[in-house]
Amino acid sequence: MITNTIIKLTIITISITALLNANTPEKCKNKRIISQSPYITHAIEFFDMKECIVGASIYDKQVANSLPRTGKVFVPDKEAFSRLNPNYIFTSDWTKRKTMADITPPNTKAFILHGFQSMEQVENNLYTIGNVLKVPDFQKKVAEFSKDWRALAYSIDDKNKKVLLMSACSKDPYSYGRSTYLGDLFLEVGFDVVDKSKTVKVLKINKEKNELDEFIKENKPDLIFGFVSYTKASSCSVLEMNKKLPIIYLDGDLFLHPAPTLLQGLKELKSKKGEW
């Protein structure tokens with residue numbers, strides 16, 4: 001009886017897999033992907049594998065609204081993972097390893113990616129994804145990305161400008177320090193990123209205290225780069241309200257992902273060179 005049950009379950013599993021593969025593009029066969037972060041989706045799209053994504057986190061706007069959602073980065077949806085029967089799961093290092101071990105279905109391979117500390121991590125993510133998905137010539141594609149972003153950065157070559165890299169147009173803005181991928185990127189361009197933090201720094205603004213003003217007085221930047229989503233706003237009310245310096249706005253949709261979108265971001269930065 002037990003043997004017969006196992007055989008039946010095996011047949012059902014094979015049938016489901018066959019059905020899924022029958023409706024899958026050839027390049028996506030055995031490459032059903034869950035992307036747990038928008039920056040990972042951008043990286044997968046870089047290799048023209050976006051249509052292989054069968055589920056994405058609730059934050060992901062790069063995929064169709066109809067695509068099944070797989071929870072939050074910190075709190076993935078275990079049932080959704082199991083239901084979607086993925087071959088691969090890619091998530092960020094915001095997801096704990098213990099959590100991933102618990103929710104990863106059998107026969108699924110899960111990968112935790114970095115990316116928020118440096119541009120080298122951005123490149124390493126691309127290499128990992130390309131290698132795992134067996135993308136043809138992925139090494140060449142990653143090498144070209146590495147060469148292209150550096151060439152763009154060096155072509156801007158603006159030295160001696162002390163800058164703050166600011167985002168979040170809500171109650172409290174935050175600053176990207178030198179040991180973040182944006183800090184690393186702007187240092188490569190030639191800017192002096194005055195925030196020496198190893199992570200993102202939240203600057204509290206309230207009636208009792210204005211940490212942004214204090215930070216500006218202490219570090220004396222020449223200008224602020226403000227990252228905003230152009231689909232939502234063209235400026236940041238928090239920065240404008242406390243405007244002490246020139247503010248140059250850049251498209252947050254291009255810069256706020258440690259992903260190949262940064263190439264387009266650098267092109268926008270270069271186009272605005274006359275503003276500083």
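**Close-up views of a predicted model**

View 1. Beyond its neighbours within four places in sequence, Leu182 is in contact with Leu165, Tyr176, Phe227, Phe255, Leu256 and Leu262. As you look around this site, please keep in mind that the model is predicted.

**View 2. The largest nonpolar core.** This core counts 54 residues, and those touching the most other members are Phe90, Leu182, Phe186, Phe225, Phe255 and Leu269. Helix H6, spanning residues 138–156, gives the most to this core, with seven residues. A second core of 16 residues is separate and includes Leu203, Ile205, Phe215 and Val238. As general background, nonpolar side chains in soluble globular proteins tend to be buried together.

**View 3. Tyr174 in strand E6.** Here we turn to Tyr174, which lies in strand E6 (residues 174–176). With neighbours within four places in sequence left aside, Tyr174 is in contact with Leu165, Met166, Ser167, Ala168, Val200, Lys201 and Val202. Leu212 is 38 residues away from Tyr174 in sequence, yet their C-alpha atoms are 8.9 Å apart in space. Is Tyr174 buried or partly exposed? Tyr174 is partly exposed, because its relative accessible area of 24% falls between the 20% limit for buried and the 50% limit for exposed.

**View 4. A nonpolar patch on the surface.** Phe74, Val75 and Trp94 make up this patch, and together they have about 350 Å² of accessible area. Val75 sits in the loop between strand E2 (53–56) and helix H3 (78–84). The relative accessibility of Val75 is 56%, so Val75 counts as exposed, the cut-off being over 50%.

Key:
Residues are numbered from 1 along each chain as its sequence is written. This is a predicted model: local features need pLDDT of at least 70, side-chain atom pairs count only at pLDDT 80 or more; totals for chains, interfaces and linings use all residues. Side-chain values use heavy atoms; hydrogens and water are left out. Helices (H or I, at least four residues) and strands (E, at least two) are DSSP runs, numbered from the N terminus. Buried means under 20% relative accessible area, exposed over 50%, partly exposed in between (1.4 Å probe, protein chains only). Contact means heavy atoms within 4.5 Å. Patches are made of residues with over 30% relative accessible area and no salt bridge: like charges are joined within 9 Å, nonpolar side chains (Val, Leu, Ile, Met, Phe, Trp, Tyr) within 5 Å. Accessible areas come from the Shrake-Rupley method with a 1.4 Å probe; for residues, only the protein chains shown count as cover. A salt bridge is a side-chain nitrogen of Lys or Arg within 4 Å of a carboxyl oxygen of Asp or Glu. A nonpolar core is a set of buried Ala, Val, Leu, Ile, Met, Phe, Trp, Tyr and Cys residues joined through side-chain atoms within 4.5 Å.
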